[in-house]
Amino acid sequence: MSVSLTLAGVSAHYGSTLVLENLDLHVAEGELVALLGASGCGKTTTLRLVAGFLQPSAGTIRLGERDLTRLPAHSRNIGLVFQTYALFPHLTVRDNVAFGLKQRGVAAAERARRAEAMIATVGLEGLADRHPANLSGGQRQRVALARALVIDPPLLMFDEPLSNLDAKLRIDMRVEIRRAQRDRGTTALYVTHDQEEAFSISDRVAIMSRGRIEQLGPPEELYSRPANAFVANFVGFSNLVPMRAVTEAGDAVRLEMQGGATLDLPRARFAVPAREVIFAARAEGLTVAREGRGIPATLGLRTYLGRAYQYRCTTAAGEIVANGPLSEPLEPGTRAVLVPEPDHCAILRAE
Amino acid sequence: MARVHPVLGAFAVLVFALLLAPLVIIIGASVSDTTFLTFPPQGLTLHWFERLFEIAAFRRTMITSFLLAVGGTGLSLLIGIPAAYALARWRGGLPAFLPNVFVLPVLIPEIVLGFSLMKSVATGLGLPIIAALLVGHAVLVLPYCVRVVGASLNQFDFSIEEAAVSLGCPRWRAFFSVVLPNVRAGVIAAFILAFITSINDVSVSIFLTGPGVSTLPIQILAHMEQFFDPVIASVSVLLMLVTVGVMAIVEFTLGLTFLTK
């Protein structure tokens, strides 16, 4: 059973504070969409609205043909995995997993059988009689996953499910969650503040800030073609330099920065959205060189990154972070140019 | 073990002596084979415990006190648990002074509380004595219920309740099947604290008791005014034993640290 999730024009308030503004979001059948953003961006609010723990002040939420908007939380049939696991401390692993089946009136024997099977699926054979207090963090999260999966919900939602696990386990669990979701073809909404997690697990990612979706798309698209300065900064374009598009001559796009220096970028790769633009570049998108065509800079503090040196550079447009080759460490104070590497650069509309 | 400074040690002994001496005196007096209260006891007898149960007023007030403690505490939990739940669940959204409102009865001198209860509940509403006592004791112990159950609920992760709801459990049922079992220890502790407070109360009861209905502590006072005999000591010992007994149960089931937490 696979259905799509659609939020249309959804707004939410805490008291008089607007926390979600006219949000549209469509998660296709069997798709996993991650909501990514810093705390307070509205991602958890969105999840809680879909779960029914909050009421939207406007808009509708649909799951397939069903309108969830006014449906009480316990009738929504959504599998939820919480950051704190939220296992029932007074129940065994088996009874935790069987809880949802019990609510659905499944007979005791059938309940136990399906719970046992699901416990085995998440790799917890032999632990069914334990209480959550006697499980490790990773095991608890598996129980939480089993508890959400066993009711066979048309929608799975994850609220920062891995934040309480250590780094190694986080990667293992993320693969398992993705596998479980893929195998069942269940539509899923996944809330996280961890970019790597969001990008690695999702079909599409929505980057959110201040109650709005800034950009929604496949991870590759967000990573290489950010829609605006916020997204660019979020995905690691640490340099955002205001520039003016002067000409589009031949096969190059020419940008002019404060102080008159110009940059030429291949026209085939870059569209110019406006006259006033922001040139966005990762540190690896600007290579420090003694000479060449690029942004004139005076090198400052140098740090060693293993694969390159990184320099804080002073330019006419302020401080810029750029990488330089390991073969030639340069001293602070050196005059150099920062040559753009098109793969790690973007041109954005100035806001 | 760390060495204890002799002065500090002596001081500790002194404090314990002061705390325990009156109890020793009462226990001694209760077994004295005299018709008046005296210490050290002269002779040894359990006659005064026997005598205690022969006096109808003591028998009657013991039952009243017990039922009152159970009923008043029960009533208070009925109000206190939902209040504590609301205070913990919507902590952020409620006015900051609200939790303190439920502690007010502790801050007001009990004698004032008793007097105001008499004015409002007994004479104001014109409730029968036993009903007035029930309400009075419920108000008296409400702070303990709200505080102790609240302490448990503050440790409770409410996403557990949301998990139950997301799995198809209606909210009211989730409260009973998921929330309550996990704060059970707090409810038991609250019951015990409230029960002991109620059964030992004088200040509130003295204003609310009346013709025909009294509580054990009030009966003790009344008895003492007329007969200064060792029955007073034996009933005191009995009350003490009940308290110690209840505390022992707490210690063995939950651990006493539970009450001081």
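How many residues of domain 1 of chain A are in contact with residues of domain 2 of chain A? In this predicted model, five residues of domain 1 of chain A touch five residues of domain 2 of chain A. The two domains of chain A span residues 5-229 for domain 1 and residues 238-349 for domain 2, and their centres, taken over C-alpha atoms, are separated by 40 Å.

Between them, domain 1 of chain A and domain 2 of chain A bury about 470 Å², with carbon and sulfur atoms accounting for 58% of that area. On the side of domain 1 of chain A, Y223(A), P226(A) and A229(A) together provide 78% of the area that this domain buries against domain 2 of chain A, a share greater than that of any other three residues. With regard to polar interactions, zero salt bridges are counted between domain 1 of chain A and domain 2 of chain A, while one residue pair is in polar contact, with both residues at pLDDT 80 or more. The residues that domain 1 of chain A presents to domain 2 of chain A comprise four nonpolar residues and one polar residue, with no charged residue among them.

The interface between the chains was examined in the same terms. The contact draws 19 residues from chain A and 18 residues from chain B, and the area buried between chain A and chain B amounts to about 1,600 Å², of which 61% comes from carbon and sulfur atoms. Of the area that chain A buries against chain B, 33% is supplied by H74(A), H90(A) and Q103(A), which is more than any other three residues contribute.

One salt bridge is counted between chain A and chain B; in a salt bridge with an N to O distance of 2.6 Å, the side chain of R48(A) meets that of E162(B). By residue class, the side of chain A that touches chain B divides into eleven nonpolar, five polar and three charged residues.

Note on methods: Residues are numbered from 1 along each chain as its sequence is written. Chains are lettered from A and ligands numbered from 1 in the order in which they are written. This is a predicted model: local features need pLDDT of at least 70, side-chain atom pairs count only at pLDDT 80 or more; totals for chains, interfaces and linings use all residues. Side-chain values use heavy atoms; hydrogens and water are left out. Contact means heavy atoms within 4.5 Å. Buried area is the accessible area (1.4 Å probe) that two parts lose on being put together, summed over both. A salt bridge is a side-chain nitrogen of Lys or Arg within 4 Å of a carboxyl oxygen of Asp or Glu. Ala, Val, Leu, Ile, Met, Phe, Trp, Tyr, Cys and Pro count as nonpolar, Asp, Glu, Lys and Arg as charged, and the others, Gly among them, as polar. Domain bounds come from an automatic or database domain assignment. A polar contact is a pair of N or O atoms within 3.5 Å; within protein, one must be able to donate a hydrogen and the other to accept it, and residues adjacent in sequence count only if both atoms are side-chain atoms.
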